[in-house]
Amino acid sequence: MKLSSKILVVDDEPQIQLLLEEFLTSLGHTVRLAGDGEKALELLRREAFDGALVDLKMAKLDGMELLHLIKLSFPTLAVIMMTGYPSVEVAVEAMKEGAVDFITKPLRLDAL
C-alpha cells in the first residue's frame with residue numbers, strides 16, 4: 001500500500017516547481033504550487049498540507065521568514081528547506097527554526 005501526502009512546493013523557479021510536481025505526483029502525492037511565500041501562506045490558510053518544500057531565496061517573503069511564519073501558525077507541518085546557496089550556518093538556522101531537513105540545488109530527486 002502506498003502512502004499519499006498533500007505537499008506544498010514553494011519556489012520562484014517554474015522549472016523547479018514543475019520538476020517537483022511531476023516527481024511527487026508520480027509517487028502518488030497531491031501537489032500544490034506557490035511561486036512565493038505570500039502565495040504559500042494563502043494556500044496554507046485555505047488547505048491542509050502534510051508537508052512543504054520551501055526554497056530559501058525568494059522575493060517578497062524569503063524561505064526563512066516563511067518557515068518562521070509556518071511554524072507559528074502550523075507547527076506540525078513538516079518543512080524541508082531547499083537552496084542553491086548552501087552553508088552550514090543557514091542549514092543550522094533552518095533546523096533551529098523547525099525545518100525537518102535541508103536539501104541543496106541542483107536537486108537530486110533520490111534525496112527526497
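The notes below take the basis of the model, then the fold, then the salt bridges.

## Basis

This is a predicted model, in which local features need pLDDT of at least 70, side-chain atom pairs count only at pLDDT 80 or more, and totals for chains, interfaces and linings use all residues. Residues are numbered from 1 along each chain as its sequence is written, and side-chain values use heavy atoms, with hydrogens and water left out.

## Fold

The chain holds four helices and five strands, in the order β-α-β-α-β-α-β-α-β from the N terminus. Helices (H or I, at least four residues) and strands (E, at least two) are DSSP runs, numbered from the N terminus.

Of the 112 residues, 42% are buried; buried means under 20% relative accessible area, exposed over 50%, and partly exposed in between (1.4 Å probe, protein chains only).

## Salt bridges

A salt bridge is a side-chain nitrogen of Lys or Arg within 4 Å of a carboxyl oxygen of Asp or Glu. The count is seven.

Glu47 pairs with Lys6 (2.6 Å, N to O) and with Arg32 (3.2 Å, N to O). Glu47 is buried at 18% relative accessible area, whereas Lys6 is partly exposed at 23% and Arg32 is partly exposed at 31%.

Lys105 and Glu13 form another salt bridge (3.4 Å, N to O). Lys105 lies in the segment after β5 (101–104) and Glu13 in the loop between β1 and α1 (14–26), so this pair ties together parts 92 residues apart in sequence. Lys105 is buried at 14%, and Glu13 is partly exposed at 34%.
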